[in-house]
Amino acid sequence: MPGGQMLIEEPVRLASVLAPSKEKYFPSLTKIVGTLGPKSRSVETIEACLVAGMSVARFDFSWLNAEYHQETLENLRTAVNNVKKLCAVMLDTVGPELQVCNTSGNPIELNADNHVIITPDLSKVPSAEVLPINYTDLAKAVKKGDTIFVGQYLFTGSETTSVWLEVLETIDQDVKCLVKNSATLAGSIFSMHASQVQINLPTLTSADKQVISTWGLHNNVDLVSLSYTRHAEDVRELRAFLKTQNLLETQIYAKVENIEGLEHFDEILQEADGIILSRGNLGIDLPPEKRQLMWQMLSWMVCNWLGTDGILLGAETLRGLYPVDTIRTVGKICSEAEGAYNQSLQFKRIVQHAGEPMSHAESVASSAVRAAVKVKAAVIVVFTSSGRAARLIAKYRPPMPVLAVMFPSQKTEPLNSSSFGLHRYEKI
């Protein structure tokens, strides 16, 4: 870190690492986003996820339909009422994601050193010889030697659920590839990622707008995760669309997943309510020798700005066999990290960005956090009619929970049964 300052308390000795973890009354302050799906959509499992520490439920619309997700959401509502824990609802858009639609559902076995054709002809049945995709201009975007990944998970070189392809040539709209590893693709949809290739598709697609204007509006979603955000204009476009749907309180989290998004990171940050860094997709969009530098750069940004608010779990809770254990373990890891966090240094850095002279609201918020730290308060309770005061206090990263007690004003609609409430005013 610049100047040798660290955002962990020093010294962290081996003895403290090996010491038994201390039980805490409050769970980790870091929010855990769990993606709900086949392995995590029953009422009982969702209840366990909430108790384990999930505070945001993500609905991934890159697969299945609105009816399926509505059933899952109804189960979430039941679980929330049963365990009396708040949970935000996040709608995750599909965006310009390339997909292979495996309509037959049969596994596809690809063997190393064989050839496979990627085609936009959706009438073709997916097989080891041909993979139809939902994009007509791939042959114009790629060139010989480019890398394409297909499958459910990040390619590591040892797994068998995704395949690494090398472009050999383009033939009209088709792309002929060399299979670099043996793998079995299973499922109804396989994601496709062309490394360092610009895809000429809109970030907010017509299908995304349709989902937001129906499912999103009907359920008054709290957050929209804008997949493959590449420019600040992408966020502005979504913001304008949300206004047309009267989703004025819905926050936008820009999902940065490729080099193009990294190149415009500062501009995107100014427009979005939050940023999601998709390290998996970023990892395969960069050459291997650049990845370490990127992680270091991202760590520097996190430490020098406002810190990291949450961790998003995808396949781990969507298809994984142990969604509850995963959430519980991640929560424990975050809790341990928070115990070694240098809150004093981070507080000073945030104050530096508050501006001078400091506004009255900033002064009250920062003073409240400073006082809470000094007296080792267990919780900060904020009485608010808009949520702004609670957000300002959470901005200064207090080492204790921030509880917002909502007193709706005449301009603020009261919370109803379809809302999941106070999370909007917490540190999320």
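This is a predicted model: local features need pLDDT of at least 70, side-chain atom pairs count only at pLDDT 80 or more; totals for chains, interfaces and linings use all residues.
Visitor: Is Ala 394 buried or exposed?

Guide: Buried means under 20% relative accessible area. Ala 394 has 3%, so it counts as buried.

Visitor: Now the strands. Which strands does β6 pair with, and how do they run?

Guide: To read a pairing, look for the bridges and for the direction of the two strands. Strand β6, residues 115-119, is joined by four bridges to β10, residues 174-179, and that pair runs antiparallel. Three bridges join β6 to β7, residues 130-132, and here the strands run parallel.

Visitor: What stands opposite Ile 117 in β10?

Guide: That's Lys 176. Ile 117 also has a bridge partner in β7, namely Val 130.

Visitor: And where do side chains point in a strand?

Guide: In a regular strand they alternate between the two faces of the sheet.

Visitor: How many disulfides does the structure hold?

Guide: For a disulfide, you want two cysteine sulfur atoms within 2.5 Å. This structure holds zero. Take Cys 87: the closest cysteine sulfur belongs to Cys 49 and is 9.4 Å away, so it's too far for a bond.

Visitor: How accessible are Cys 87 and Cys 101?

Guide: Cys 87 is buried, at 0% relative accessibility. Cys 101 is partly exposed, with a relative accessible area of 33%.

Visitor: Which residues make the nonpolar surface patch?

Guide: Val 379, Val 381, Phe 383, Leu 403 and Phe 407 make a patch of about 460 Å². One of them, Phe 383, lies in strand β17, residues 380-384. The cut-off for exposed is over 50%, and Phe 383 is at 59%, so it counts as exposed.

Visitor: What about Asp 60: which strand holds it?

Guide: You'll find Asp 60 in strand β2, which spans residues 54-60. Its relative accessible area is 12%, so Asp 60 is buried.

Visitor: Which side chain does Asp 60 touch in a polar contact?

Guide: The side chain of Ser 62, with a contact of 2.8 Å.

Terms used
Residues are numbered from 1 along each chain as its sequence is written. Side-chain values use heavy atoms; hydrogens and water are left out. Two strands pair if DSSP finds at least two bridges between them. Buried means under 20% relative accessible area, exposed over 50%, partly exposed in between (1.4 Å probe, protein chains only). Patches are made of residues with over 30% relative accessible area and no salt bridge: like charges are joined within 9 Å, nonpolar side chains (Val, Leu, Ile, Met, Phe, Trp, Tyr) within 5 Å. Accessible areas come from the Shrake-Rupley method with a 1.4 Å probe; for residues, only the protein chains shown count as cover. A salt bridge is a side-chain nitrogen of Lys or Arg within 4 Å of a carboxyl oxygen of Asp or Glu. A polar contact is a pair of N or O atoms within 3.5 Å; within protein, one must be able to donate a hydrogen and the other to accept it, and residues adjacent in sequence count only if both atoms are side-chain atoms.
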